[in-house]
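Please walk through this structure step by step, starting with the whole chain and ending with single residues.

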Amino acid sequence: MPNVKPKYFKYTFLFHLQEIAEHLAAKAQEVGRSGAGRSPFSDAALSVGYLGFSGGKLDDIAVVVSIVRTSEI
């Protein structure tokens, strides 16, 4: 890890988390719009008899990005 002041590193890292979340949401929208892609929504539709359905639900995209670290006890 580069020698960066902790406060600066903390805010820089949080900025990157926002970028990661936005990138993941954009990719999820691409899959949802795709006519050839599989998604949990299209798999569920197929399992109940809707043949040939592909893509996903564009109104139901949520992204959660978090930081997990060890506790300093």
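What follows goes from the overall fold to the helices and then to the segment after them.

The model is a predicted one. Its chain contains two helices and zero strands. Of the 73 residues in the chain, 11% are buried. The accessible surface amounts to about 6,500 Å², and carbon and sulfur atoms account for 59% of that area. Among contacts with a separation of 6 or more, 49% are between residues 24 or more positions apart.

Helix α1 covers residues 6–33, and Glu-30 lies in it. The structure has one salt bridge. That salt bridge pairs Lys-27 with Glu-30, and the closest N and O atoms are 3.7 Å apart. The distance qualifies because the cut-off for a side-chain nitrogen and a carboxyl oxygen is 4 Å. Both partners belong to helix α1, where they are three residues apart, about one turn of the helix. Neither end of the pair is buried: Lys-27 has a relative accessible area of 40% and is therefore partly exposed, and Glu-30, at 47%, is also partly exposed. The class follows because partly exposed covers the range between the 20% limit for buried and the 50% limit for exposed.

Ala-62 is in the segment after α2. With a relative accessible area of 70%, Ala-62 counts as exposed, because the limit for that class is over 50%.

Helix α2 runs over residues 40–47 and includes Ser-42. Is this serine, Ser-42, buried or exposed? Ser-42 is buried, because its relative accessibility is 4% and the class requires a value under 20%. Which residues does Ser-42 touch, apart from its neighbours within four places in sequence? Its contacts are Gly-37, Phe-53, Ser-54 and Gly-55.

Phe-53, one of the residues in contact with Ser-42, is also part of a nonpolar surface patch. Val-48 is located in the segment after α2. At 60% relative accessibility, Val-48 is classed as exposed, whereas Ser-42, at 4%, is buried.

Taken together, the residues followed here come from both helices and from the segment after α2. Lys-27 and Glu-30 represent helix α1, Ser-42 represents helix α2, and Val-48 and Ala-62 represent the segment after α2.

Notes
Residues are numbered from 1 along each chain as its sequence is written. This is a predicted model: local features need pLDDT of at least 70, side-chain atom pairs count only at pLDDT 80 or more; totals for chains, interfaces and linings use all residues. Side-chain values use heavy atoms; hydrogens and water are left out. Helices (H or I, at least four residues) and strands (E, at least two) are DSSP runs, numbered from the N terminus. Buried means under 20% relative accessible area, exposed over 50%, partly exposed in between (1.4 Å probe, protein chains only). Contact means heavy atoms within 4.5 Å. Patches are made of residues with over 30% relative accessible area and no salt bridge: like charges are joined within 9 Å, nonpolar side chains (Val, Leu, Ile, Met, Phe, Trp, Tyr) within 5 Å. Accessible areas come from the Shrake-Rupley method with a 1.4 Å probe; for residues, only the protein chains shown count as cover.
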